[in-house]
Amino acid sequence: LLGADSFHVYYAHVLTTLVILAAFWASTRYLIMANREFILAIIYISTFFLLPRTLLHNLELMSEPLYLLFSMLALAQYQSLKENQNINGVYWVAFFISLSTLTRTAGIALLFAFIIWQFSHARKNLVWGALLLAIAPLIAWEVLKPFVYSQQPNSYSRNLVNSYNLHDVPAMLRKVNHQLLDVWGGWRKYIDVTSQFSSLPASILLLVCTVPAFLTRLVHFRLDAIYFALYLAMIFVWPYTDHTARFLYPIMPLVFFYLLLSLSWLRRKKWRAYAHGLVLGLILLAAAPSTTQILYKAIRRDNLNLGVFAKTSALYENTNALPTIGIGFSILQELVNAMKISGGLIPDNECVYSTHSEMFMYYGRRYSRPPNAAGLLSAASGKSLECRYLFVSWTNSHPDFRPGYPLNEIRLNYEVLYTHFIPLPISPEDGKGMVAQMLRLLPLVPDSAGSKELEKK
């Protein structure tokens, strides 16, 4: 809407920075309104924004900062509503909740928390108009979705149901255990990207000190606590692992709010001052290794040929030595170059399958969808293909797909439009390697040997 699209990356970063600053203001405002501690509110929210994981997340162009802004504005309006007893203020709460659900699917946690809070606190004075305003984006999306997509898209709810096999209890328990470990790992990485043992006490202390205030507010059905509980439950069952630190980002201001509130309940002022200093000091000390690593790489990054990855969080999250990182990123840079060239081979109104779909859309400037081997085979065998092009990465740069996917799973009939090689050896013992291929998919010949082989697979 404001021109900050992928063709104007600088504007996109400027807009994201402004959103982050606004989210800082909204988060601080909520803590001040809820706890009446102006200086402590600024200190606690500043600590959150100075944590390594927050700094790295703010380097990226993602929707979480905007979602954080809208969700914290909703909670701030909720707190204002409680203080002023102005029933019309609930419409502002609903308005910012509706913007949250438009920004991220995770907004349904805040939406359901709002519905629960309305029925638990205002049974006799339910504001049905506010409830309708809050849920309107979801209704509108369900109505408009058939007109937006030519085929039924994959939904989070369907993926969630498919990831849990209710008929296999042991497998489901293993899945739950894996989710718990993933959430704990994300919690550790939020404070210390390297997850060193030295940061473990701070991680445990922050968790323990958060619990009393959270449970107290949950018992009293406060909107923020209901939302916090539902959001955490959503993270626990979410089928997409290894992204927990990112998912925690929007609720970390609430973590620091509960920490502030719990320590503020200490009887003596002197005890409270010592507690605030001790806990915040341990958190910042635990974050020091990651912060040091970030600063070191920021200073040394210009000495390496890191291409477009020099200013991304991927550089700072990688714990390998800089020369090793440089080799890996040089390969990824060639993958980017391959996408730029391949995008020019695709007509404007066509789409392409790619395991790196978001990356391809950014650099190739064409709409991209993740490939599914079974779906491609079924479509190529007679049904219409949604995309007639396939970008195949032969690198091991994706955590979920092996090099060559889906060609390593099935055989397809295709025409090779372009093959990208590493132009120069990365090291003396390395030769030129194939990085990626751009293919045009063709219909399968029903009686061909390749087709029979595919049916066997």
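Me: How far apart are the closest N and O atoms where arginine 402 forms a salt bridge with glutamate 409?
Reply: Let's start with the two partners in this predicted model. Arginine 402 is exposed, with a relative accessible area of 53%, while glutamate 409 comes in at 34% and counts as partly exposed. A salt bridge needs a side-chain nitrogen within 4 Å of a carboxyl oxygen. Here the closest N and O atoms are apart by 3.1 Å.

Me: Which residues do salt bridges that share partners join into one network?
Reply: The structure holds eight salt bridges. One of them runs between glutamate 64 and arginine 104, with the closest N and O atoms 3.3 Å apart. Bridges that share partners make up one network, and its members are Glu64, Arg104 and Arg246.

Me: What about the salt bridge of arginine 366 and aspartate 348: how many residues apart in sequence are the parts it ties together?
Reply: The two side chains meet at 2.8 Å, N to O. Arginine 366 lies in the loop between helix H17 and strand S2, and aspartate 348 in the loop between helix H16 and strand S1, so the pair ties together parts whose separation in sequence is 18 residues.

Me: On to the rings! Why does the pair of phenylalanine 48 and phenylalanine 256 count as tilted?
Reply: Planes under 30 degrees apart count as stacked and over 60 as edge-to-face, with the rest called tilted. The centres of phenylalanine 48 and phenylalanine 256 are 6.4 Å apart, and the angle between their planes is 50 degrees. That angle falls in the range left over, so the pair counts as tilted.

Me: How many residues apart are phenylalanine 48 and phenylalanine 256?
Reply: Phenylalanine 48 is buried at 0% relative accessibility, and phenylalanine 256 is buried at 0% too. Phenylalanine 48 sits in helix H2 and phenylalanine 256 in helix H13, so to speak linking distant parts of the chain, and the gap is 208 residues.

Me: Which residue lies over the face of tyrosine 362?
Reply: Tyrosine 362 is partly exposed at 28% relative accessibility. At 5.8 Å from the ring centre, the residue over its face is arginine 365.

Terms used: Residues are numbered from 1 along each chain as its sequence is written. This is a predicted model: local features need pLDDT of at least 70, side-chain atom pairs count only at pLDDT 80 or more; totals for chains, interfaces and linings use all residues. Side-chain values use heavy atoms; hydrogens and water are left out. Helices (H or I, at least four residues) and strands (E, at least two) are DSSP runs, numbered from the N terminus. Buried means under 20% relative accessible area, exposed over 50%, partly exposed in between (1.4 Å probe, protein chains only). Rings of Phe, Tyr and Trp (its six-membered ring) pair if their centres lie within 6.5 Å; planes under 30 degrees apart count as stacked, over 60 as edge-to-face and the rest as tilted. A charge sits over a ring if NZ of Lys or CZ of Arg is within 6 Å of the ring centre and within 35 degrees of the ring normal.
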